[in-house]
Amino acid sequence: MDRFQRLMYWLAWLGITPFIISLSLSIRGQSLFDTSGEELFIIYSVIICSFMAGSLWGQAVYSENRSRSVIKVLASNAIALWVFGGLLAGLADRQILVFLAIGYLATLIIECVHAEPLADGRVKSYLSMRAIVTLVVFILHCFLYASLKMT
């Protein structure tokens with residue numbers, strides 16, 4: 001694994017830290033900068049989900065396969081608008097968590113189904129890491145969802 005790949009892996013795993021911290025704050029009923037743990041979690045999740053959806057666009061730019069590129073560009077926009085729409089609609093915390101979880105899973109599915117094959121195995125290694133990180137993020141969303149009271 002080269003330096004760039006190691007950096008990507010470290011950043012992916014470090015990116016989970018704000019989820020864990022904000023989930024912990026939420027469970028303990030604490031806030032940070034006058035913002036509740038669940039609000040921090042959701043704000044961070046909207047940013048990261050939109051970023052991950054945007055990465056599909058970036059992949060499409062460098063793709064040789066135009067049909068895969070079209071699907072990735074459309075999915076990138078659809079997922080980002082899905083999450084943004086949920087936020088604008090003023091959904092309750094539990095509802096937006098479901099929207100976000102769907103956004104993460106959709107991004108991963110599109111990325112896996114439309115991955116560009118590379119001879120050196122980098123894509124397989126990256127997608128394995130992405131699947132594990134997405135699963136952890138999904139589970140953290142489930143934990144926050146379960147910890148919130150029904151409203």
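This is a predicted model: local features need pLDDT of at least 70, side-chain atom pairs count only at pLDDT 80 or more; totals for chains, interfaces and linings use all residues.
The crossing of H2 and H3 is left-handed. Two packed helices are described by the angle between their axes and the distance between the axes.

Take H2 and H3 by those two values. Helix H2 covers residues 17–28. Its axis and that of H3 come within 7 Å and cross at roughly 155°. Angles over 145 degrees count as roughly antiparallel, so H2 and H3 are roughly antiparallel to each other. From H2, the contact draws on Pro 18, Phe 19, Ser 22, Leu 23, Leu 25 and Ser 26. H3 answers with Gly 37, Glu 38, Leu 40, Phe 41, Tyr 44, Ser 45 and Ile 48. By class, this contact of H2 with H3 holds eight nonpolar, four polar and one charged residues.

H3 also packs on H5. Here the angle is about 25°, and the axes lie 10 Å apart. Angles under 35 degrees count as roughly parallel, so H3 and H5 are roughly parallel to each other. H3 passes H5 in a left-handed crossing. On the H3 side, the contact includes Phe 41, Ile 42, Val 46, Cys 49, Met 52, Leu 56 and Gln 59. On the H5 side, it includes Asp 93, Leu 97, Leu 100, Tyr 104, Thr 107 and Glu 111. The residues of the contact of H3 with H5 split into 13 nonpolar, four polar and three charged.

H5 has another partner in H4, which spans residues 66–88. The axes of H4 and H5 come within 9 Å and cross at roughly 170°. H4 and H5 are therefore roughly antiparallel to each other. Among the H4 residues that meet H5 are Ile 71, Lys 72, Ile 79, Trp 82 and Val 83. Those of H5 include Phe 99, Ile 102, Gly 103, Ala 106 and Ile 110. This contact of H4 with H5 has twelve nonpolar, three polar and one charged residues.

Now turn to the largest pocket. About 1100 Å³ of space lies in it. Its lining counts 35 residues, and the closest to the pocket centre are Met 8, Gln 59, Glu 111, Tyr 126 and Arg 130. Gln 59 and Glu 111 also belong to the contact of H3 with H5.

Which helices each supply at least two residues of the lining of the largest pocket? They are H1 (3–14), H3 (37–61), H5 (93–113) and H6 (122–147). H6 gives the most, with ten residues. By class, the lining of the largest pocket divides into 21 nonpolar, eight polar and six charged residues.

How values were computed:
Residues are numbered from 1 along each chain as its sequence is written. Side-chain values use heavy atoms; hydrogens and water are left out. On a 1 Å grid over the protein atoms alone, a cavity is a set of points where a 1.4 Å probe fits but cannot get out, and a pocket is an open set with protein on both sides within 12 Å along at least five of seven lines; lining residues have an atom within 4 Å of a point. Grid points are joined across faces, edges and corners, and a volume is the space filled by probe spheres set on the points. Helices (H or I, at least four residues) and strands (E, at least two) are DSSP runs, numbered from the N terminus. Ala, Val, Leu, Ile, Met, Phe, Trp, Tyr, Cys and Pro count as nonpolar, Asp, Glu, Lys and Arg as charged, and the others, Gly among them, as polar. Axes are lines fitted to C-alpha atoms, for helices over the stretch in contact, and angles run from 0 to 180 degrees between N-to-C directions. Angles under 35 degrees count as roughly parallel, over 145 as roughly antiparallel, 65 to 115 as roughly perpendicular and the rest as oblique. A crossing is left-handed if the near helix is turned anticlockwise from the far one by less than a right angle, and right-handed if clockwise. Contact means heavy atoms within 4.5 Å.
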